[in-house]
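Please look over the structure below before reading on. The briefing that follows is arranged by topic.

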Amino acid sequence: SVHREAVVEMLYGKRGFMGVYEKELSKMKIGSTYYTIADYTFGKEYASFWVRYHTLRAEKKVHARMIYSYKNWHQPERLALRKKRKFISVRVLPQLVRIPSQISLFDETVILSFFEGECISVVIRSHPFFVSMKGYFEMLWEKAEPPENNSC
């Protein structure tokens, strides 16, 4: 295979975050898998985006494997919406485990997003980095538990 340099991009704000997620989802093939480790810190202002995003993802038949922080998963107002999602597998980390705000993997792209004040997203397009972060995801997946009383 041809060696390519990593491409790194910084995006600021809610529009940058939502735009890159929609762009990466649009490039994914039917039957592929999107991975994410989701913390609580992005807040309710993104709730309508996630509803739309997961609807588009399911329509495209892109499977999601999601690891939630304990605090993120245990939000009663969001559980009913999450149970309606299709093509998804979920695990929840133990209560004391802290994770960065949001880590998502799309094919060869990794997006690291932080929500302290204005959202900052670092987009890294690199096969070796994707493989490394996928290994990190799989390690956390093994430590996390399936959620109680949930169809995911």
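A charge sits over a ring if NZ of Lys or CZ of Arg is within 6 Å of the ring centre and within 35 degrees of the ring normal. By that test, the charged end of Lys 14 sits over the ring of Tyr 46, 5.4 Å from its centre. The model is predicted, so local features need pLDDT of at least 70 and side-chain atom pairs count only at pLDDT 80 or more, while totals for chains, interfaces and linings use all residues. Residues are numbered from 1 along each chain as its sequence is written, and side-chain values use heavy atoms, with hydrogens and water left out.

**Charges and rings**

- A charge also sits over the ring of Trp 141: the charged end of Arg 65 is 4.4 Å from the centre of that ring.

**Aromatic pairs**

- A pair of aromatic rings is described by the distance of the centres and the angle of the planes.
- Rings of Phe, Tyr and Trp (its six-membered ring) pair if their centres lie within 6.5 Å; planes under 30 degrees apart count as stacked, over 60 as edge-to-face and the rest as tilted.
- By this rule there are 17 aromatic pairs.
- Tyr 21 and Phe 49 are an edge-to-face pair, because their ring centres are 6.5 Å apart and their planes stand at 85°.
- Tyr 21 belongs to helix 1 (residues 13-27) and Phe 49 to helix 2 (residues 47-59), so this pair ties together parts 28 residues apart in sequence.
- Helices (H or I, at least four residues) and strands (E, at least two) are DSSP runs, numbered from the N terminus.
- Tyr 21 also forms an edge-to-face pair with Trp 50, at 5.6 Å centre to centre and 85° between the planes.
- That pair links distant parts of the chain, with Tyr 21 in helix 1 and Trp 50 in helix 2, 29 residues apart.
- Buried means under 20% relative accessible area, exposed over 50%, and partly exposed in between (1.4 Å probe, protein chains only).
- Tyr 21 is buried at a relative accessible area of 0%, and Trp 50 is buried at 7%.
- One aromatic cluster is formed by Phe 17, Tyr 21, Tyr 34, Tyr 46, Phe 49, Trp 50, Tyr 53, Phe 106 and Phe 115.

**Helix 2**

- Helix 2 has 13 residues and reaches 19 Å from its first C-alpha to its last, close to the 18 Å expected; the expected span is 1.5 Å times one less than the number of residues.
- The buried residues of helix 2 are Phe 49, Trp 50, Tyr 53, His 54, Arg 57 and Ala 58.
- Seen down the axis of helix 2, these residues fall within an arc of 155°, so they line one face of the helix; the arc is that of the directions from the helix axis to the C-beta atoms.
- Ser 48 and Glu 59, on the other side of helix 2, are exposed.
- The buried residues of helix 2 pack against helix 1, strand 2 (33-38), strand 3 (63-68), strand 4 (88-92) and strand 5 (102-106).
- His 54 lies in helix 2 and is buried, with a relative accessible area of 4%.
- Neighbours within four places in sequence aside, His 54 is in contact with Tyr 34, Met 66 and Arg 85, where contact means heavy atoms within 4.5 Å.
- Thr 55 lies in helix 2 and counts as partly exposed at 39% relative accessibility.
- Thr 55 and Lys 86 are 31 residues apart in sequence, with 8.2 Å between their C-alpha atoms.
- Just after helix 2, Lys 61 takes a positive phi of about 60°.

**Strand 2**

- Strand 2 is mostly covered, with 5 of its 6 residues buried.
- Two strands pair if DSSP finds at least two bridges between them.
- Strand 2 and strand 3 run parallel and are joined by 6 bridges, and Ala 38 has Tyr 68 as its bridge partner in strand 3.
- Strand 2 and strand 5 run antiparallel and are joined by 5 bridges, and Ala 38 has Gln 102 as its bridge partner in strand 5.

**Helix 5**

- The 17 residues of helix 5 (residues 127-143) should span 24 Å at 1.5 Å a residue, and the end C-alpha atoms are 25 Å apart, which agrees.
- Phe 130, Met 133, Phe 137, Leu 140 and Trp 141 are the buried residues of helix 5.
- Seen down the axis of helix 5, these residues fall within an arc of 105°, so they line one face.
- Pro 128, Glu 142 and Lys 143 are exposed on the other side of helix 5.
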